[in-house]
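A short report follows the view.

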Amino acid sequence: MLRAMVVGGLLALPVQAASAASVEDGARLAVISGCHDCHTPGYAQSGGQVDPARSLVGDGVGFRGPWGTTYPANLRITLSKMSETEFADYAKSFQTRPPMPWFNVHAWTEDEARSFYLYVKSLGELGPAAPEFVPPGAEPKSPFIVFAPPQMPGQ
Ligand code: HEC
């Protein structure tokens with residue numbers, strides 16, 4: 001009897017559940033995953049106020065290290081070139097230079113990636129791109145923060 005009810009209940013489920021993705025979840029994910037920390041100018045300095053006008057537009061202050069100088073990308077532009085499904089696949093597999101924590105994004109569920117996409121698409125104008133990557137040895141023309149390994153005496 002119980003088994004019949006369970007099986008009957010399962011059969012009543014739709015074959016493919018509707019996506020649970022939402023703009024609200026994406027907005028929260030951008031905060032708790034730390035995406036604004038680097039991709040939203042002034043976010044950290046404001047004590048974590050998300051300014052919708054500047055949310056995820058990238059930053060002109062780069063990070064310089066052995067990899068060269070990288071600038072947090074304008075994610076509105078990056079995602080404008082992808083469909084929601086393309087972004088869900090990309091979020092599972094992409095890699096970048098440091099200090100972008102791409103491995104953290106790989107840990108998102110598909111619904112989380114789709115929510116992040118919906119959130120970014122809900123933001124306003126794309127705005128300008130962040131400065132181009134500068135290879136090691138070349139001098140950046142935009143401001144940067146130096147990420148250097150510590151040099152201990154005697155090493
Ligand atoms: C420590 C700073 C930092 C944090 C935190 C960070 N990013 Fe990045 N991100 C960068 C930098 C710098 C780049 C550019 C890397 C390069 O040039 O190879 C980048 C690049 C990217 C790219 C590639 C964009 C493109 O057009 O190639 C994506 C996508 C991305 N970040 C998404 C995210 C998401 C989503 C989060 C939140 C989970 C996040 N980032 C958190 C610094 C950061």
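The report below goes from the overall fold to single residues.

**Basis.** This is a predicted model: local features need pLDDT of at least 70, side-chain atom pairs count only at pLDDT 80 or more, and totals for chains, interfaces and linings use all residues. Residue numbers start from 1 along each chain, as its sequence is written.

**Overall fold.** The protein has seven helices and three strands. Both are DSSP runs, numbered from the N terminus: helices are H or I with at least four residues, strands are E with at least two. From the N terminus, the order is α-α-α-β-β-α-α-α-α-β. Of the 155 residues, 25% are buried. Buried means that 20 or more other C-beta atoms lie within 10 Å of the residue's own; exposed means 12 or fewer, and partly exposed is in between, with C-beta atoms placed from the backbone. Two residues are in contact if their C-beta atoms, placed from the backbone, lie within 7 Å. Among contacts between residues at least 6 apart in sequence, 66% join residues at least 24 apart.

**The sheet.** The three strands form an open sheet, ordered β2-β1-β3, with mixed pairing. Strands β2 (68-70) and β3 (144-146) are the edges, each pairing on one side only. The average twist is 25° from one strand to the next. Here axes are lines fitted to C-alpha atoms, for helices over the stretch in contact, and angles run from 0 to 180 degrees between N-to-C directions. Pairing requires at least two DSSP bridges between two strands. Strand β1 (residues 62-65) pairs with β2 in the antiparallel sense, over three bridges. Gly65 sits opposite Gly68 of β2. Val146 belongs to β3.

**Helix α5.** In α5 (residues 84-93), Phe87, Ala88 and Ala91 are buried. They cover an arc of only 105° around the axis, so they lie on the same side of α5. The arc is taken from the directions from the helix axis to the C-beta atoms. Thr85, Glu86 and Ser93 are exposed on the other side of α5. The cover over the buried residues includes α4, α6 and α7 (110-122).

**Backbone exceptions.** Most residues other than glycine have a negative phi, and most peptide bonds are trans. Leu56 has a positive phi of about 65° although it is not a glycine. The peptide bond from Pro98 to Pro99 is cis, with omega near -5°. Leu56 is in the loop between α3 and β1. Pro99 lies in the loop between α5 and α6.

Two residues can be set side by side.

| Residue | Other C-beta atoms within 10 Å | State |
|---|---|---|
| Leu56 | 28 within 10 Å | buried |
| Val146 | 9 within 10 Å | exposed |
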